[in-house]
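Here is a short report on one protein model and its ligand. Look at the structure first, then read on.

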Amino acid sequence: MAKLIGILGGTFDPVHIGHLRLGLEIREQFKLDEIRFIPLNIPPHRAAPVAGSEHRFNMLQAAIRDLDGFVVDDREINRDEVSWTIDTVRSLRSDYPHQPLCLLMGEDAFATLDSWRSWQELADYVHIILAGRPLEQPIEYSAPVRSFYDARVVPASDMPGKRTCGHICRAEMPVLNVSSTRLRQLYAGGRSTDFLVPPGVHEYIISHKLYT
Ligand code: ATP
C-alpha cells in the first residue's frame, strides 16, 4: 500500500504545541502514515525569521524526537533561495511519484494563496487539507482562490481517496490559540512559556539564547 504523507511547511520560529497538535489531529483523522515538517529558509512574504534555519530545524528535531510518524525535512533550508512551496512540492513529488501527498494549511494561509508563485499548479502535485476553524468568522477568499477551491473541494471522508493530488478538503479540529509570535514575545519579556512548547524545545531556546 502507498504511504500517505502529510506536509506541514512553516517558519517554526519556534515550533509550538499548535503545530504539533495540527500534525497529530490530521494524521489521526486522515490515517496518514507520516507528517513531514518542512521549515522554510527564506520566506517569500514576511520578514526574515529571528532564529536561523539550523536552530529552527534543531528545535523541530527536539519537538518530534519521541513521536512516531513525525519527521523533519531539510530540503527548504538546504536550498539557498526563497522557499516557494511550488518548488518544494515538485521536489517531494519526484521523491514520491506514486504516493498521495497532502499539504496541510491553515485557512488564513489558504486565503493568501493567489500571492504564491505558480499557485494554481500546486494541485497538480498535492492534495490540500485546510485546518478548519469552525468558531471563527468565515474567511473571505478572492474570486480566483474561491473558484480554485470550489473546483476541487471534496468531503473530508473522501480524502485522500485513490488520487495522489488535486483535491481540497476541510479538517475539523479545535484551534489552540498559540503562535510563534506570542512565544517570542513571552521569551523576550522573561515570562513563562510552560505548556506551550515541549520541554526539549524550551531547553534548546534557553541554551542558545534565541529570543532574549
Ligand atoms: P508566527 O506567529 O511567527 O507567524 P505561526 O505560529 O503562525 O508563526 P508558522 O510556522 O508560520 O507558525 O505556521 C506554520 C503552519 O502552522 C501554518 O500553516 C499555520 O497556519 C499553522 N499553525 C500555526 N499555529 C497554529 C495553531 N495554533 N493551530 C493550528 N495551526 C497552526
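A residue is near a molecule or strand if one of its heavy atoms lies within 4 Å of it. This is a predicted model, in which local features need pLDDT of at least 70 and side-chain atom pairs count only at pLDDT 80 or more, while totals for chains, interfaces and linings use all residues. Residues are numbered from 1 along each chain as its sequence is written, and side-chain values use heavy atoms, with hydrogens and water left out.

## Ligand site

The ligand is surrounded by 19 residues. The closest are His16, Arg46, Leu176, Ser180 and Thr181. By class, the shell holds 10 polar, 5 nonpolar and 4 charged residues. Here Ala, Val, Leu, Ile, Met, Phe, Trp, Tyr, Cys and Pro count as nonpolar, Asp, Glu, Lys and Arg as charged, and the others, Gly among them, as polar.

Polar contacts are pairs of N or O atoms within 3.5 Å. The side chain of arginine 46 places an N or O atom 2.9 Å from a ligand oxygen. For arginine 184, a side-chain N or O atom is 3.1 Å from an oxygen atom of the ligand. Leucine 176 uses its backbone: an N or O atom there lies 2.7 Å from a ligand nitrogen. Taken alone, the ligand exposes 610 Å², and the protein buries 84% of that. These areas come from the Shrake-Rupley method with a 1.4 Å probe. The elements giving two or more residues to the shell are β1 (5-10), α1 (17-29) and α6 (180-188). Helices (H or I, at least four residues) and strands (E, at least two) are DSSP runs, numbered from the N terminus.

## Sheet and helices

Six strands form an open sheet in the order β3-β2-β1-β4-β5-β6, with parallel pairing. Two strands pair if DSSP finds at least two bridges between them. The edges are β3 (70-72) and β6 (168-171); each has a single partner strand, so one side of each is left without a neighbour in the sheet. From one strand to the next, the twist averages 30°. Angles run from 0 to 180 degrees between N-to-C directions, with axes fitted to C-alpha atoms, for helices over the stretch in contact.

Strand β2 (residues 34-39) pairs with β3 in the parallel sense over 3 bridges. Isoleucine 35 stands opposite phenylalanine 70 in β3. Helix α2 (residues 53-64) packs on the sheet and touches β2 and β3. Its direction makes about 165° with that of β3. Contact means heavy atoms within 4.5 Å. Helix α5 (residues 143-152) lies across β5 (127-131) and β6, at about 90° to β6.

## Backbone exceptions

Most residues other than glycine have a negative phi, and most peptide bonds are trans. Phenylalanine 12, in the loop between β1 and α1, has a positive phi of about 55°. Proline 14 lies in the loop between β1 and α1. The peptide bond to proline 14 from aspartate 13 is cis, with omega near 5°. Another cis bond joins methionine 159 to proline 160, with omega near -5°. Proline 160 sits in the loop between α5 and β6.

Terms used
A polar contact is a pair of N or O atoms within 3.5 Å; within protein, one must be able to donate a hydrogen and the other to accept it, and residues adjacent in sequence count only if both atoms are side-chain atoms.
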